[in-house]
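This report describes parts of one protein chain. Keep the sequence and the 3D view open while reading.

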Amino acid sequence: MRRLPRWLALSAALVVAAPASAAPAGEVIVGALAGRPKPSFIAKVRAGELGGVILVGRWTPKAMRATTAQLHAAGCTIGRPLLVLVDQEGGYARRLTWAAPERTARELGELGVERTQQQGRAAAAALRAAGVDVDLAPVTDTLAPGGFLGSRSFGSDAPAVGRLAAAFVHGLQEGGVAAAAKHFPGLGASHKNTDRYAVKLRRSELAPFESAIAAGVKLVMVASAAYPKLDATGAPAVFSRPIVTGLLREQLGFEGVVVTDALDAPAPAGTPHAPARALRAGVDLLLYTSGAAAHAGYVELAYDRPPELTRAIANVRALKSWLGLAC
């Protein structure tokens with residue numbers, strides 16, 4: 001766990017002393033939960049430190065339903081509906097092992113658009129029944145030879161990937177579950193650790209994301225890799241205003257919620273003022289896979305209070321409204 005600098009430790013004390021003034025920062029923080037929540041985790045929700053929870057690990061249907069009900073109830077104690085997210089891509093990459101899609105994205109790509117949309121609908125039905133609001137899928141990256149995403153990608157033909165991603169988005173969202181196209185602007189060509197190596201992006205890799213946006217996808221997940229051809233500073237995409245605002249928002253016209261990939265991964269975790277920098281780039285929702293990192297992110301954001309926080313909260317609330325979340 002990262003040791004907080006002295007100024008951040010002092011700000012943490014201020015947050016505890018004045019939770020009402022700091023609470024808005026929590027609306028854009030997503031923390032991870034791997035099992036039934038402890039009282040301390042529920043206390044964080046009730047204190048306004050979290051706007052969403054991503055369920056990780058493996059769950060039984062009964063345990064997931066009970067947990068999501070408990071989380072939603074905890075959020076409503078402060079009048080703040082909580083987003084519950086999972087990764088339900090397909091095949092081995094899914095948290096609900098009893099639910100669709102049973103096949104990997106590559107296998108769905110071979111079955112075609114209609115079957116892919118059907119699997120999206122089936123996934124949405126299971127997710128809604130389990131109390132889940134957001135599926136961090138589909139993977140919208142176009143696979144290049146040797147790409148590390150492997151069977152998580154629909155394939156290597158960008159137009160086909162776009163059609164399949166749009167179909168999965170339609171299936172999920174017709175069922176009332178928000179979809180997230182990932183990992184913008186594309187990781188399909190990467191075969192190395194993107195925390196250490198920059199990604200060479202082909203223009204064609206953006207086309208599937210354009211298709212997902214045209215299909216009305218509610219979220220886009222931004223990668224933590226660097227793309228020197230898109231941002232000469234070498235900043236990871238999650239901190240890059242040219243990529244998030246310039247390319248995704250302005251050029252591609254995306255108006256929904258932009259969510260980070262894990263901000264506690266090595267590259268973004270080592271970036272000073274990471275939460276505020278992500279918001280300034282145009283991101284709305286900050287995702288962490290560690291409870292300690294999520295708390296540190298909340299404290300940093302409560303201290304920095306960037307003006308972009310207001311925009312991010314508005315976008316997150318619009319997503320919750322579309323989902324019909326209310327207390």
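## Terms and model

A residue is called buried when its relative accessible area is under 20%, exposed when it is over 50%, and partly exposed in between (1.4 Å probe, protein chains only). Helices (H or I, at least four residues) and strands (E, at least two) are DSSP runs, numbered from the N terminus.

The model is predicted: local features need pLDDT of at least 70, side-chain atom pairs count only at pLDDT 80 or more, and totals for chains, interfaces and linings use all residues. Residues are numbered from 1 along each chain as its sequence is written, and side-chain values use heavy atoms, with hydrogens and water left out.

## An aromatic pair

Rings of Phe, Tyr and Trp (its six-membered ring) pair if their centres lie within 6.5 Å; planes under 30 degrees apart count as stacked, over 60 as edge-to-face and the rest as tilted. The count under this rule is 1 aromatic pair. Its members are Phe184 and Phe209, with ring centres 5.2 Å apart and planes at 90°, so the pair is edge-to-face. Because Phe184 belongs to strand S7 (residues 178-184) and Phe209 to helix H8 (residues 207-214), the pair ties together parts that are 25 residues apart in sequence. Both Phe184 and Phe209 are buried.

## The sheet

Two strands pair if DSSP finds at least two bridges between them. An open sheet of 8 strands, with parallel pairing, has the order S9-S8-S7-S6-S3-S2-S1-S10. S9 and strand S10 (286-287) are the edge strands, each pairing on one side only.

S7 and S8 run parallel and are joined by 3 bridges; Ala181 has Val220 in S8 as its bridge partner. Strand S8 (residues 219-222) is also parallel to S9, with 4 bridges between them, and here Val220 has Val258 as its partner.

## The end strand S9

In a regular strand the side chains alternate between the two faces of the sheet. In strand S9 (residues 257-260), Val257 and Val259 point one way, Val258 and Thr260 point the other way, and all are buried.

## Helix H3

Which residues of helix H3 (residues 39-46) are buried? They are Phe41, Ile42 and Val45. Seen down the axis of H3, they fall within an arc of 95° (taken from the directions from the helix axis to the C-beta atoms), so they line one face of the helix.

These buried residues pack against S1, strand S2 (52-55) and helix H4 (61-76), where contact means heavy atoms within 4.5 Å. Just after H3, Gly48 has a positive phi of about 85°.
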